[in-house]
Amino acid sequence: MIEEINNLHLQANLIKHTVKTMAIIITEDCINCGACEPECPNTAIYEASYEWKFSEGTNLTGSIVLPNGSKADADVEQEPISDEFYFIAPDKCTECVGFHDEPQCSAVCPVDCCIPDNSNMESENNLIKKQRFMHS
Ligand code: SF4
Ligand code: SF4
């Protein structure tokens, strides 16, 4: 009986950590109200045309290798992703994993334009790794 219960726990953990989740993207419906920006625990949200850095709001500094294998300099300004509305740097978004139970940008957005990014699928395990990478 105990062995069966342990197996059920193992299966539940396996499902939990292999389920696919996604980074969040801001759509063109954004009204530039700015409500989401201060809510992001990873400082992944930026105003239109803003040059962003990996080091902002994280413990990253200097040369880094991201969990997905890409290389960058955490202190160097990166190109804005949108010149028209607020945007999310996908390499910094963890869907709020490690901080909150749900994406905070989606929770506060008055026009529901923070949505899952179908082209940016990540497992929960990867999101956890990304969160630890940025903040440890
Ligand atoms: S989902 Fe969370 S981590 Fe990602 S951009 Fe929104 S607030 Fe930031
Ligand atoms: S809360 Fe929504 S509408 Fe406001 S800036 Fe963020 S994404 Fe745009």
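**The nonpolar core and its setting**

Tutor: Among contacts in the chain between residues at least 6 apart in sequence, 76% join residues at least 24 apart, where contact means that two C-beta atoms, placed from the backbone, lie within 7 Å. This is a predicted model, in which local features need pLDDT of at least 70 and side-chain atom pairs count only at pLDDT 80 or more, while totals for chains, interfaces and linings use all residues. Residues are numbered from 1 along each chain as its sequence is written, and chains are lettered from A and ligands numbered from 1 in the order in which they are written.

The chain has three helices and six strands, taken as DSSP runs numbered from the N terminus, with helices being H or I of at least four residues and strands E of at least two. Their order along the sequence is α-β-β-β-β-β-α-β-α. Of its 136 residues, 26% are buried, that is, they have 20 or more other C-beta atoms within 10 Å of their own, whereas 12 or fewer makes a residue exposed and anything in between partly exposed, with C-beta atoms placed from the backbone.

The largest nonpolar core holds 17 residues, and of these Cys36, Ile45, Ile88 and Cys105 touch the most other members; such a core is a set of buried Ala, Val, Leu, Ile, Met, Phe, Trp, Tyr and Cys residues joined through C-beta atoms within 7 Å. At least two of its residues come from each of β1, β2 and β5 (87–88), and β1 gives the most, with three residues. Leaving aside residues up to four places away in sequence, isoleucine 45 touches Cys36, Glu37, Cys40, Tyr86, Ile88 and Cys105.

Several of these names return around the ligands.

Asparagine 32, in the loop between β1 (20–26) and β2 (45–46), is exposed because it has 11 other C-beta atoms within 10 Å, and its phi is positive, about 55°, although it is not a glycine. Most residues other than glycine have a negative phi. Histidine 100 sits in the loop between β5 and α2 (104–108) and counts as partly exposed because it has 13 C-beta neighbours inside 10 Å. Its C-alpha atom is separated by 8.8 Å from that of proline 41, although histidine 100 and proline 41 are 59 residues apart along the chain.

Finally, in helix α3, Leu127, Lys130, Gln131 and Met134 are buried. Seen down the axis of α3, these buried residues fall within an arc of 100°, so they line one face of the helix, the arc being that of the directions from the helix axis to the C-beta atoms.
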